[in-house]
Amino acid sequence: MEPHLLEACVRDVLNDTAPRAMAVLEPLQVTITNFPAVKSLDIQVPNFPADETKGFHQVPFGSIVFIERTDFKEEPEPGYKRLAWGQPAGLRHTGYVIELQHVIKGPSGCVESLEVTCRRADAGEKPKAFIHWVSQPLTCEIRLYERLFQHKNPEDPAEVPGGFLSDLNPASLQVVEAALVDCSVALAKPFDKFQFERLGYFSVDPDSSQGQLVFNRTVTLREDPGKV
């Protein structure tokens, strides 16, 4: 069985069985200075966007949200479609678009947080991209697994003269110890599965405790053409 064929089958199954949630691996705090409500809003998110008859879950949307750090760039390269100066971005499921107003940096010059304004998505030009976010999130551990070996046939001396142990992929596991996930998964049990929007399919690890969920990535959303 070719690994990419197995992964394609896994994606087909999980696409129909893993409800959606939102998680952020590298959080960047965003403050919405003109948030349209005194307290947070309740946003209805479809469990399966392609079939809304399978129900919805509710997530809070407040004046402080967290986005992926890679979804903002001060100096974007050509073709970049997410949040940047003069380039608004939509927040998925909210019906709102945010526009950058102020970048807050630390002593080292690293971006620490953003200040933005928001408007209804139907009140102006449609943004080039809609990004995922979390608000009032849970902190969790996320384990990002990749292929264990670097070559397709690690035991083939023609491909790997040094033996299969020399072919181990040093990047086969990356642990994100302080990822953020929306509170809809708070009651998840070991082996429950989710699709984290734009990130991949994940399963709850038995290492999880009542105060700390641990998620393992089962497979990415799309095949990486660079994989063997």
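Predicted model: local features only at pLDDT ≥ 70, side-chain atom pairs only at ≥ 80, totals over all residues.

User: Why is His93 called partly exposed?

Analyst: Buried means under 20% and exposed means over 50%. The value for His93 is 28%, which falls in between, so "partly exposed" is the label. His93 sits in the loop between S7 and S8.

User: Is Phe191 buried or exposed, and how do you know?

Analyst: Phe191 has a relative accessible area of 60%. The cut-off for exposed is over 50%, so Phe191 counts as exposed.

User: And what about Val116, buried or exposed?

Analyst: Val116 comes out at 0%. That is under 20%, so Val116 is buried. Val116 belongs to strand S9. Leaving aside residues up to four places away in sequence, Val116 touches Val30, Thr31, Ile32, Thr33, Asn34, Ile98, Glu99, Leu100 and Gln101.

User: How far is Val116 from Ser166 in sequence and in space?

Analyst: They are 50 residues apart in sequence, and 49 Å apart in space from C-alpha to C-alpha.

User: What makes a group of residues a nonpolar core?

Analyst: The members must be buried, come from a set list of residue types such as Phe, Leu and Trp, and be joined through side-chain atoms within 4.5 Å. The largest core here has 29 residues, and Phe61, Phe72, Leu114 and Trp133 touch the most other members. Strands S3, S4, S5, S6, S7, S8 and S9 each give two or more residues to this core. There's another core apart from it, with 18 residues, among them Leu144, Ala179, Ala188 and Leu213.

User: Which residues does Leu114 touch?

Analyst: Not counting residues up to four places away in sequence, the contacts of Leu114 include Leu28, Val30, Phe72, Leu83, Leu100, Val103 and Ile104. Gln29, Thr31 and His102 are also touched by Leu114.

User: Why is the pair Arg147 and Glu7 called a salt bridge?

Analyst: The rule asks for a side-chain nitrogen of Lys or Arg within 4 Å of a carboxyl oxygen of Asp or Glu. Arg147 and Glu7 have an N to O distance of 3.3 Å, so the pair passes. Both Arg147 and Glu7 are buried.

User: What does the pair of Arg147 and Glu7 tie together?

Analyst: Arg147 lies in the loop between strands S11 and S12 while Glu7 is in helix H1, so the pair ties together parts that are 140 residues apart in sequence.

User: How many salt bridges does the rule find?

Analyst: The count comes to 13. Glu141 and Arg143 form one of them, at 2.7 Å from N to O. Both Glu141 and Arg143 are buried. Along with Asp205 and Asp207, they are linked in a network of salt bridges.

User: How do you know that Asp71 and Arg198 form a salt bridge?

Analyst: Their N to O distance is 2.8 Å, and the limit is 4 Å, so the pair counts. Asp71 lies in the loop between S6 and S7 and Arg198 in the loop between S13 and S14, so the pair ties together parts 127 residues apart in sequence. Asp71 has a relative accessible area of 1%, so it is buried. Arg198 is at 35%, so it is partly exposed.

User: Where are the domains in this chain?

Analyst: Domain 1 covers 20-135, and domain 2 covers 140-181 + 184-220. Their centres, taken over C-alpha atoms, are 26 Å apart. The contact takes 21 residues from domain 1 and 14 residues from domain 2.

User: What is the area buried between domain 1 and domain 2?

Analyst: About 1,500 Å², with carbon and sulfur atoms giving 60% of it. On the domain 1 side, Arg20, Ala21 and Leu25 lose the most area to domain 2, together 44% of what that side buries. Two salt bridges cross the interface, and the count of residue pairs in polar contact is seven.

Methods. Residues numbered from 1 in each chain as written. Heavy atoms only, no water. Buried < 20%, exposed > 50% of the residue type's maximum accessible area, 1.4 Å probe, protein only. Helix = DSSP H or I, 4+ residues; strand = E, 2+ residues; numbered from the N terminus. Contact = heavy atoms within 4.5 Å. Domains from an automatic or database assignment. Buried area = accessible area lost by both parts, 1.4 Å probe. Polar contact = N/O pair within 3.5 Å; in protein donor to acceptor, adjacent residues only side chain to side chain.
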